[in-house]
Amino acid sequence: MKALSIRQLSKRYPNGVEALKGIDLDVEEGDFFALLGPNGAGKTTAIGILTSLVNKTGGQIEVFGHNMDRELEAAKACIGVVPQEVNFNQFEKVCDIVVNQAGYYGISRRQALPRAERYLKQLDLWEKRDSPSRNLSGGMKRRLMIARALVHEPRLLILDEPTAGVDIEIRRSMWEFLREINAQGTTIILTTHYLEEAENLCRNIAIIDHGQIIEKASTRRLLDKLSTETFILNLQTALREVPEVDGYQLNMVDETCIEVEIHRDRSINALFQQLSDAGIQVASMRNKVNRLEELFVRMVHGGRNDRAGGES
Amino acid sequence: MSRRRQNMVGLYTIVHKELTRVLRIWIQTLVPPAITMSLYFVIFGQLIGRRVGEMGGLDFMAWIAPGLIIMAVIQNSYGNVVSSFFGAKFGRHIEEMMVSPLPTSMILAGYVIGGMGRGLLVGLLVALIASLFVPLQVANPLVMAAVVLLTSATFSLAGLINAVFAKKFDDISIIPTFILTPLTYLGGVFYTVELLPGPWRELSLFNPILYMVNLFRYSIFGVSDVRLDIAFVIILAMLIVLYILAFYLLKRGIGLRA
């Protein structure tokens with residue numbers, strides 16, 4: 001079953017800006033899906049329409065088979081949303097925010113309290129349950145919004161840049177939590193600027209730019225599109241000059257670090273063999289940039305260059 | 001659980017939240033009207049009232065007491081919803097309700113009941129203070145209940161409409177300052193419209209607050225400047241018009257959704 005089905009979704013703002021130009025998108029039940037795009041691409045508008053905070057101009061949306069024009073309440077009941085900006089009452093207590101949200105979904109206080117306890121504990125916020133929410137740190141506020149979004153146990157969880165401005169330790173613990181939630185059956189749609197996040201978490205990805213979906217595929221297939229990858233090799237001993245290696249173009253970053261671009265048809269083993277034969281020992285290796293990030297930049301900039309060429 | 005029951009839970013949640021807020025910030029919500037009204041009773045009732053003598057067949061203190069009580073109900077019902085709803089809009093936590101399956105009618109009812117709750121609470125407080133200065137009776141409890149409920153609901157709706165259009169905090173004080181307060185003062189709280197010269201008396205009849213004040217005064221002392229049936233029709237009509245407008249604004253998401 002499809003968790004989300006979008007057909008020809010469009011949005012034109014009163015100032016004439018066309019934020020969405022008739023996008024089509026399907027997300028399967030149980031998927032962990034990333035919606036990527038540069039700033040102003042239309043991601044937040046799309047999420048705003050899905051969560052009833054933005055009026056659409058045209059198109060159809062179905063959430064678990066519920067048409068949002070005809071069965072709005074049933075569709076909304078399936079969705080939990082974690083917005084980009086903090087949007088809870090800063091004067092309310094942490095636990096009250098979660099319990100009240102459950103109430104809006106028709107869950108009585110008696111049922112909501114144990115659920116709030118469970119999610120606040122899972123997200124390390126239980127100790128703060130009686131604190132006014134304004135006293136929480138940035139990372140805690142983000143986790144509170146996740147607990148609030150989950151309290152009615154939605155089938156589809158939408159997260160709009162949930163880890164923005166969160167330190168790496170908390171980000172990784174949030175990733176772990178989201179993986180668990182997804183493994184338990186919740187479909188997750190995520191927008192993020194951290195492409196490492198999308199590569200690590202998501203099975204399918206759509207890239208949106210200028211209000212249009214420019215790419216839609218599984219993460220694996222998308223990464224396969226990268227024809228070359230650039231690696232950084234850290235060496236055990238210092239070099240004076242760039243070594244000559246057949247079939248590979250090496251650049252020196254500094255005396256113990258070289259950079260090499262490898263075509264996906266070529267084996268990396270041959271490079272290591274030749275380096276080893278020349279007496280150069282590699283201590284460690286890493287991608288120069290995140291692979292998805294590289295692909296994303298190429299696609300978005302490639303698309304822009306094509307458009308610019310077409311317009312000129 | 002049935003959808004209707006879920007909606008009732010949602011409605012209860014909003015009302016509970018609103019009333020908790022009123023009681024949590026009691027120093028802002030309950031104390032100021034109590035002090036202001038006490039001053040009215042002391043200055044206008046005790047000091048000036050003695051020199052005024054009778055008004056409309058009643059002792060002046062007795063004449064102003066019902067007007068001041070209903071004025072407190074009006075101002076506090078309006079003030080509660082306009083500040084709470086605008087605060088939720090400004091702080092964006094109104095989105096918590098907008099993303100939920102709670103129907104527009106329930107969101108509207110939740111805020112209106114919250115406003116009515118504060119209006120009635122403050123009205124009761126002012127009535128207690130008034131009873132220290134003048135013996136109050138209840139000549140017609142049914143009329144009293146009806147007029148207080150209708151008035152507080154009407155001005156709660158008006159406050160919500162104000163909040164929907166407000167873009168900054170200044171915008172939520174414009175209507176109370178320039179429209180609500182003058183209309184209340186000119187609505188027969190301190191005088192009987194019989195004292196006004198012809199054209200001014202005719203003009204006063206277009207002021208809906210005049211009917212609310214007079215109905216409430218009738219419910220206490222059994223005297224009124226206006227016909228009761230016309231007064232009820234006017235208040236009901238105002239309530240219905242404001243409800244339809246508020247519902248339309250919320251349903252369309254005007255001032256709330258992009």
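Which residue in β13(A) is the bridge partner of Asn251(A)? I found Glu259(A) as the bridge partner of Asn251(A) in β13(A), and I also found that Leu250(A) has Val260(A) of β13(A) as its bridge partner.

Before going on, I note that this is a predicted model, in which local features need pLDDT of at least 70 and side-chain atom pairs count only at pLDDT 80 or more, while totals for chains, interfaces and linings use all residues. Residues are numbered from 1 along each chain as its sequence is written, and chains are lettered from A and ligands numbered from 1 in the order in which they are written.

I then followed the pairing of β12(A) with β13 (residues 257-263), which is antiparallel over 5 bridges; strands are DSSP runs of E, at least two residues long, numbered from the N terminus, and two of them pair if DSSP finds at least two bridges between them. The two strands form a hairpin with 2 residues between them.

Next I looked at the sheet, an open one of 4 strands with antiparallel pairing in the order β12-β13-β11-β14 (chain A). Its edge strands are β12 (249-254) and β14 (282-287), each pairing on one side only.

Last, I checked burial, where a residue is buried if 20 or more other C-beta atoms, placed from the backbone, lie within 10 Å of its own. Of the 6 residues of β12(A), the number buried is 0, so the strand lies largely in the open, whereas in chain A buried residues make up 38% of the 312 residues.

Note on methods:
Buried ≥ 20, exposed ≤ 12 C-beta atoms within 10 Å, placed from the backbone.
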